[in-house]
Amino acid sequence: MIVDDSRLAQKSENVQKGILEAIRKFNEDLSVYTTSGLDANKLSNATDSFKEDFSLEQAQFEAIKDYVNEVTSQYLGSVVNMDELSINHFDADWKAEIEALVSYNEKIKYTGEKNYEDYSYKTLRKYTLKYDKNSKKWLVDDAADAKADGSESSAWENKKELKQKNAPVLKWIRSGDKSNI
């Protein structure tokens with residue numbers, strides 16, 4: 001008898017819940033990351049190798065932060081395309097791939113300006129996750145965004161909505177030479 005462990009994992013409700021929770025937490029953490037001066041350590045459920053990819057963004061923010069008074073970010077929720085869930089077991093590692101339509105409310109107030117500029121967006125995000133044996137949870141190992149208009153999920157047959165109830169609006173404020181979160 002041949003057992004397809006990848007297919008069994010893909011059909012497991014517990015595995016699906018773990019992957020959905022990893023996506024929800026990562027998307028929520030991106031708002032924390034955005035309002036922390038782009039500190040990749042705020043991505044609490046991403047692999048260390050993925051966090052290293054964010055070092056350039058933090059350096060870019062340091063270069064322009066004197067021109068920014070406030071940054072606000074709010075993760076509004078996402079719709080996950082469960083038909084795109086793929087789980088593989090190779091070389092003793094479990095990996096998963098999945099996509100979601102993700103929404104954020106983001107605004108920036110520049111120095112000398114009275115009003116915020118709206119940078120709110122929706123994105124079609126494709127995730128690669130890796131199962132961490134030590135913490136016994138799925139971690140985001142990569143994420144790639146593509147422009148979305150927000151209607152993409154209407155064509156998906158098997159989807160899960162991850163709503164944010166009372167989603168906090170997080171804020172970074174520049175005060176003098178100090179950054180406050």
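These legends describe a set of close-up views of one predicted model.

In this predicted model, local features need a pLDDT of at least 70 and side-chain atom pairs count only at pLDDT 80 or more, whereas totals for chains, interfaces and linings use all residues. Residues are numbered from 1 along each chain as its sequence is written, and side-chain values use heavy atoms, with hydrogens and water left out.

**View 1. The whole protein and its order of elements.** The secondary structure comes to four helices and eight strands, where helices (H or I, at least four residues) and strands (E, at least two) are DSSP runs numbered from the N terminus. Read from the N terminus on, the elements run α-α-α-α-β-β-β-β-β-β-β-β. Taken along the principal axes, the C-alpha atoms fill a box of roughly 70 × 35 × 25 Å. Of the 181 residues, 40% count as buried, with buried meaning under 20% relative accessible area, exposed over 50% and partly exposed in between (1.4 Å probe, protein chains only).

**View 2. Confidence along the chain.** The average pLDDT, the predictor's confidence in each residue on a scale from 0 to 100, is 89 for the protein, and 90% of the residues score at least 70. Among the elements, E4 has the highest mean pLDDT (97), and strand E8 (residues 178-180) has the lowest (46). Over residues 177-181 the pLDDT is below 50, and beyond near neighbours in sequence this stretch has twelve contacts in the model, a contact being heavy atoms within 4.5 Å.

View 3. An unreviewed UniProt entry lists residues 19-142 as "domain: YvbJ-like NTF2-like"; UniProt positions are given in the numbering used here, feature names are shortened, and annotations may be inferred rather than shown by experiment. In the model, this span of residues 19-142 is 25% helix and 49% strand, and its end C-alpha atoms lie 14 Å apart.

**View 4. The largest pocket.** On a 1 Å grid over the protein atoms alone, a pocket is an open set of points with protein on both sides within 12 Å along at least five of seven lines, a cavity is a set of points where a 1.4 Å probe fits but cannot get out, and lining residues have an atom within 4 Å of a point. Grid points are joined across faces, edges and corners, and a volume is the space filled by probe spheres set on the points. The largest pocket holds about 510 Å³ of space. Its lining has 22 residues, of which Tyr33, Thr34, Leu38, Glu57 and Glu106 are the closest to the centre. Elements giving two or more residues to this lining include helix H2 (13-34), helix H4 (55-64) and strand E1 (68-90).

**View 5. The largest cavity.** One cavity of 30 Å³ or more is present in the structure, and about 50 Å³ of space lies in the largest cavity. The residues that line this cavity are Glu28, Ser31, Tyr75, Gln164, Ala167, Pro168 and Leu170.

View 6. Thr72 has its place in strand E1 and counts as buried because its relative accessibility is 9%. Leaving aside residues up to four places away in sequence, Thr72 touches several residues, among them Thr35, Glu106, Tyr116 and Leu170. Asp83 also lies in strand E1, but counts as partly exposed because its relative accessibility is 47%. With the sequence neighbours up to four places away not counted, Asp83 touches Glu157 and Asn158. Asp83 and Lys159 are 76 residues apart in sequence and 7.4 Å apart in space, C-alpha to C-alpha.
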